[in-house]
Amino acid sequence: MSVVLNRHVVLLTFAFTRFCSACNIVANRDDHTEDIPTIAKYFGTKTRYEEVNPYLLNDILFVNKTPLRLQQDCSPVHISAVIRHGTRYPTAKNVKKMIAIYNLAEKRKHRGRGLVDYINHWDMWYNDTMDGQLVEKGRDDHRNLAVRLATAYPSLFSEDSFRDCRMKFITSSKHRCVDSTLSFIEGLVKKYWKMQDRRKDMHCQLEVNDELMRFFDKCERFVVDVEQNKTALQQVDLFKTKPEMQGVLDKVASLLDIAASDITADLVEAAFYMCSYELSIRNLNSPWCQLFDQEDAKVLEYASDLKQYWKRGYGHEINSKSSCCLFHDLFKRLDKAVEESERQVVFCTVSEPAAFQIGHAETLLPLLSLMGFFKDETPLTADNFAQQGGRVFRTGHIVPYAANLVFILHRCEESHRLQLLLNEKPLCFPNMDNPAPEYQHVKNLYSNLLEGCDFKKECKLPSAIGAVNPIIHEL
C-alpha cells in the first residue's frame with residue numbers, strides 16, 4: 001500500500017565546519033572507561049550505546065563480521081536503517097528538575113561531610129538553553145556508526161552511489177536529528193571514504209520528513225487517547241506510590257539529609273539521570289551516581305520502562321499503529337529493490353542501495369512493537385515489578401542513544417533474503433529462527449499489516465472531537 005506524504009526537501013552542501021552549533025557547549029570528555037558506574041545499564045532511553053555493545057569501549061570502529069555472514073551464497077543489494085539521534089543534552093524541562101534537586105542538596109552543604117559535601121563540590125553546569133541539543137559525543141555516535149555499517153557491508157556504501165545521490169537520508173526536523181544525520185554523512189565522507197574534495201560539487205538531498213519520522217505528532221488518535229489522556233499512564237502514576245519506589249525516595253532523602261516530604265519521584269529521577277548525563281556526555285562517574293545502588297536503579301529503570309510501555313509500546317494499540325506509515329515506507333523501498341534486482345540477469349546494484357532515516361526513541365519503539373518484537377507474555381503494570389525482572393521490554397537494551405534497526409536485503413541464488421539487525425546485532429523476526437529468512441516469508445508474516453495498517457484510518461478521530469494540538473515529550 002502506498003502512503004502519500006507531504007515532503008519538505010532541503011538541499012545541503014557539506015560545509016562540515018557548521019556541524020557544531022554556536023550555542024553547543026563542548027563538554028570535557030576525559031578517559032574514564034574503567035570508572036563506569038555500576039548502574040550504567042539501567043538508564044532506559046538515556047543509556048549510552050556502549051552499554052549495549054561494550055566492546056566499543058576498546059575499539060569504537062570494531063565490527064564483528066562473523067554473526068553477520070549468511071549461510072547461503074548471497075550478495076547484499078540494499079540497506080535501510082531507522083536510527084535514533086545520538087547522545088544529547090537534557091531538555092529544558094529536565095534541566096529545571098535537575099537544578100531543583102541540586103538546590104535541595106546545596107542547602108545542606110554546611111551540615112557535614114560525606115556525600116552531600118561531595119555533591120556540593122560538583123558544579124551545576126547544565127542550563128535550559130541546551131534543551132536537547134546534540135552533544136559532540138552524539139556526533140561521534142553517528143560518525144562511527146556510519147563507518148561500522150559501511151565496513152560491515154562495503155558493497156552498499158560506494159563513493160559513486162553517494163556522489164550520484166543514490167543514497168537517501170531522511171530526518172526528523174528536530175535539530176538533534178538533523179545534526180545526527182549530517183554527522184552520519186560526515187563519518188562516511190571523512191572517515192570511511194576519506195574524500196579529498198568533500199566540499200567541491202558535493203551535494204545530496206537531505207529530506208526533512210516529520211510525517212515519517214515524527215508520525216506520533218500527526219496521529220490524532222494517539223495524541224487524544226494517549227498523549228493528552230491523563231488516565232493513559234495510570235500504571236506509571238500508581239507505581240510511584242508503591243513500596244519499591246517509596247523506598248528509593250526515602251533512601252535518597254536520607255543520603256541528602258533532607259526531609260522526605262521535600263522529595264518527589266520526579267526529583268529522584270532527575271538525580272538518577274544527572275548520573276546518566278555526566279556519563280554519556282562527559283564520560284564521568286559523578287557523585288550523583290553514588291546515591292543509587294543496582295537495586296535502586298532497577299526500580300527507576302522499571303518506572304521508565306513502564307512509561308514507555310504504556311506510551312510507546314504495547315500498552316495501547318494506537319501506540320504501535322501510529323507507525324503504520326513508516327512500516328509501509330520501509331517495505332515499499334524493499335519491494336522496489338527486489339523488483340529491480342530481479343530484473344538483473346547478472347548481479348547489479350539497484351537504483352537506491354541505501355536509505356537512512358534518523359528520528360527518535362519514540363520513532364523506533366512503536367515500529368518495533370508493531371512488528372511484534374520484545375513483547376512480554378504478561379503486560380508491565382505497577383503491581384508486577386518483582387515478576388518482571390526477566391522482561392524483554394527493556395528500553396535501555398532496545399533504544400539507547402543512536403539505536404539502529406537495520407534491514408539488509410540480500411540477493412541469493414534462488415530468492416531474496418532479509419537480514420535484520422538491532423544495534424548491529426542479528427535480530428530474528430517473530431516466530432522465525434533463520435537470521436535471514438526469504439523476503440517473501442517475511443512479507444507473509446506481516447501480510448495483515450501490509451494489506452491494512454492504514455495510518456489515516458488508524459489515526460482518525462470522530463469529527464466531533466475536532467483538531468488537536470499535540471504536546472509531545474521527546475526522547
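Which pattern do the disulfides of the protein follow, with bonded cysteines counted along the chain? Hold that thought for a second, everyone, and thanks for coming. One caution before the answer: what you see above is a predicted model.

Now the answer. Counting bonded cysteines along the chain, the pattern is 1-6, 2-8, 3-4, 5-7. That covers four disulfides in the structure. Let me walk you through some of them.

Start with cysteine 74 and cysteine 412, whose sulfur atoms sit 2.0 Å apart. The link between cysteine 74 and cysteine 412 is right-handed, with 105° about the S-S bond. Cysteine 74 belongs to strand E2 (residues 74–84) and cysteine 412 to strand E6 (residues 404–412), so this pair ties together parts that are 338 residues apart in sequence.

Next, please find cysteine 219, which is joined to cysteine 459 with an S to S distance of 2.1 Å. Here the torsion about the S-S bond is about -95°, so the disulfide of cysteine 219 and cysteine 459 is left-handed. The pair links distant parts of the chain, 240 residues apart: cysteine 219 is in the loop between helix H8 (215–218) and helix H9 (220–227), and cysteine 459 is in helix H20 (residues 455–459). Cysteine 219 and cysteine 459 are both buried.

Then there is the disulfide of cysteine 275 and cysteine 289, S to S 2.0 Å. Its torsion is about 100°, so the disulfide between cysteine 275 and cysteine 289 is right-handed.

At what angle do H2 and H12 pack? Helix H2 (residues 92–106) meets helix H12 (residues 265–282) at about 100°, and their axes are 8 Å apart. The two helices are therefore roughly perpendicular to each other. On the H2 side the contact is made by Asn94, Lys97, Met98, Ala100, Ile101 and Leu104, and on the H12 side by Asp266, Leu267, Ala270, Ala271, Met274 and Tyr277. By type, that contact divides into nine nonpolar residues, one polar and two charged.

On to charges. How many salt bridges does a search of the whole structure find? The count is 32, and I picked a few.

Glutamate 159 pairs with arginine 163, the closest N and O atoms being 2.8 Å apart. Both are in helix H5 (residues 159–163), four residues apart, about one turn of the helix. Glutamate 159 counts as partly exposed because its relative accessibility is 28%, and arginine 163 is also partly exposed at 31%.

Arginine 394 and glutamate 301 form another salt bridge, with closest N and O atoms 3.0 Å apart. Arginine 394 is in the loop between helix H16 (361–370) and helix H17 (395–398), while glutamate 301 is in helix H13, so the pair ties together parts 93 residues apart in sequence. Both arginine 394 and glutamate 301 are buried.

Then take arginine 343 and glutamate 339, at 3.4 Å between the closest N and O atoms. Arginine 343 is exposed, at 57% relative accessibility, whereas glutamate 339 is partly exposed at 47%.

Last stop: a network of salt bridges links Glu136, Arg139, Asp140, Arg143, Asp179, Glu186 and Lys190.

Notes
Residues numbered from 1 in each chain as written. Predicted model: local features only at pLDDT ≥ 70, side-chain atom pairs only at ≥ 80, totals over all residues. Heavy atoms only, no water. Axes fitted to C-alpha atoms, helices over the stretch in contact; angles between N-to-C directions. Parallel < 35°, antiparallel > 145°, perpendicular 65-115°, else oblique. Contact = heavy atoms within 4.5 Å. Nonpolar A, V, L, I, M, F, W, Y, C, P; charged D, E, K, R; others polar. Disulfide = S-S within 2.5 Å. Buried < 20%, exposed > 50% of the residue type's maximum accessible area, 1.4 Å probe, protein only. Salt bridge = Lys/Arg side-chain N within 4 Å of Asp/Glu carboxyl O.
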